[in-house]
Amino acid sequence: MNITVVGVGHVGLVSAAAFARWGHDVVGYDDDAAKVATMQGGAPWFYEPGLQELLSEVTEAGRLRFTSDSDDALRDAEIVFVCVGTPPLPGGGPNLSYVEAVGRTVVAQASRELVLVEKSTVPANTGRRLEQVIARETERLGLEHAIHVASNPEFLKEGAAVEDTLHPDRVVYGTSSDFARDALRAVYAPLVEQDGCPVVETDVASAELIKHASNAFLATRISFINAVAQICDRVGADVQTVAEGMGHDVRIGHRFLQAGLGYGGSCFPKDVDAFAHLASQVGYEFGLLDEVRDINAGQRAAVIRKLEHELWHLNGKTIALLGAAFKPGTDDLRESPALHLADDLIALGAEVRIYDPVALPNVEVQRPDLPRAETIDAALAGAHAAVVCTDWDDIKKIEPQRFLEGLAYPIVIDGRNVYDPEAFIGAGLRYHSMGRTSVA
Ligand code: UGA
């Protein structure tokens, strides 16, 4: 099929490359000409394992190209995937004006009947709104061809985006016409034939809701185990063993029960807010989601309590923050717990020094005010305490001796539960973790 992907961010670029790999002819469109130029030069504009190789393969095969000319992008499209940003608004809901703008542009430039598919994460009812915009614009412009609205949420994780997209757990699409359903079947037919992955065909609103409910549920799991970690800290239990014991129940499972500094990224914080906002708009107060948010923020407060327990007040103290990215495997800093913690510490008068194996260039651009350390040892040198914020491999491998030699005071707050408490306490460190054995 002739596919156009509008917005070549994390979801758009990886999806475009995957569609091309499945044999479709794909155009990636973005109005950011600099991004398009980077990708026309053959390089993705962000770091994602395996993406460079996949892009080279499909662009060399002539199946994927990029443009910032909307007419060129939409002229031959049979199906258009909307992958533009839906950033949060001050009231908690997402800003859907970019999605609406794409709807208008597609109506103005499409030359045939086509399917407009929301892939950006949007609240239920966005499809209906888009249909309304399209109907009005179609009538205003006196056009003949129909534009069908569909929802096809994406479930990729950053850092595993290529793998998640090429081998998803499921494909979900919601449509309100046979034309749209058949087009989406055709897009995913190669994947379903190769991988046999389950397909959920549904209505547009249900597809939209599956995405928000999935992310909110995963965030709830993380906050649940983080609340359990708080109890573990107080009764001397070990949250990792508790999670393992819980996870053997197949109804619970093991994944997304890792306690620590909490969730960040461009998805969970925004989607939990947006889902709570939607619920409230339609007359249901989803208080559980407020708790999920509060527990998440409380994990940072717990790290600060542990630091204050060791250091008394934090004014004038230097804290080494190990990790800046919101999780390992990405250089993405959006809603990173590490950066929120840095802000909290600075507000208390502390000085921070931040290390990350991959994300430091982004820290330099996005948070030039934060002092950076190019190596782990430079971060530790003379600091009063270290906090593990992101569980990168090189951070996980730090031996107790290295902390003892580098830090001014031997204090380690393991915000991601990556070290062996016995080994660290045994080596003479004042070691604290999140819901596991800590020094008293
Ligand atoms: C998340 C979802 O996992 C994807 O399914 C979804 O498609 C994506 O959002 C999206 O909506 O686009 P992502 O934000 O890339 O993916 O990252 P995750 O791997 O889910 O991690 C999110 C945050 O939760 C990270 O800060 C991570 O450190 C934290 N986390 C994760 C925990 O604190 N504990 C866990 O057990 C798991």
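Me: How many Å separate the centres of domain 1 and domain 2?

Reply: The domain assignment of the protein chain, which is automatic or taken from a database, gives domain 1 (2-201) and domain 2 (215-432). The centres are taken over C-alpha atoms, and their separation is 34 Å.

Me: What kind of model is this, and how are its residues numbered?

Reply: This is a predicted model, in which local features need pLDDT of at least 70 and side-chain atom pairs count only at pLDDT 80 or more, while totals for chains, interfaces and linings use all residues. Side-chain values use heavy atoms, without hydrogens and water, and residues are numbered along each chain as its sequence is written, starting from 1.

Me: How many residues of domain 2 are in contact with domain 1?

Reply: Contact means heavy atoms within 4.5 Å. On the side of domain 1, 17 residues take part. Their partners in domain 2 number 18 residues.

Me: Which helix gives the largest share of the shell around the ligand?

Reply: The shell draws at least three residues from each of domain 1 and domain 2. Helices here are DSSP runs (H or I, at least four residues), numbered from the N terminus, and strands are runs of E with at least two. Helix H9 (204-235) and helix H11 (268-281) each supply at least two residues of the shell. The largest share, 3 residues, comes from H9.

Me: What percentage of the ligand's area does the protein bury?

Reply: An oxygen atom of the ligand is 2.6 Å from a polar backbone atom of Glu158, and an oxygen atom of the ligand lies 2.7 Å from a backbone N or O atom of Leu156. Both are polar contacts (pairs of N or O atoms within 3.5 Å). Taken alone, the ligand exposes 720 Å² (Shrake-Rupley method, 1.4 Å probe). Of that area, the protein buries 91%.

Me: Is His384 buried or exposed?

Reply: His384 is in the loop between helix H15 (376-380) and strand S11 (385-388). Beyond its neighbours within four places in sequence, His384 is in contact with residues including Leu311, Lys317 and Tyr409. Buried means under 20% relative accessible area, exposed over 50%, and partly exposed in between, with a 1.4 Å probe and protein chains only. Because its relative accessible area is 16%, His384 is buried.

Me: Why does Leu261 count as buried?

Reply: Leu261 lies in the loop between helix H10 (239-247) and H11. Among the residues that Leu261 touches, leaving out those up to four places away in sequence, are Asn296, Val303 and Met434. Leu261 counts as buried because its relative accessibility is 1%.

How values were computed: Polar contact = N/O pair within 3.5 Å; in protein donor to acceptor, adjacent residues only side chain to side chain.
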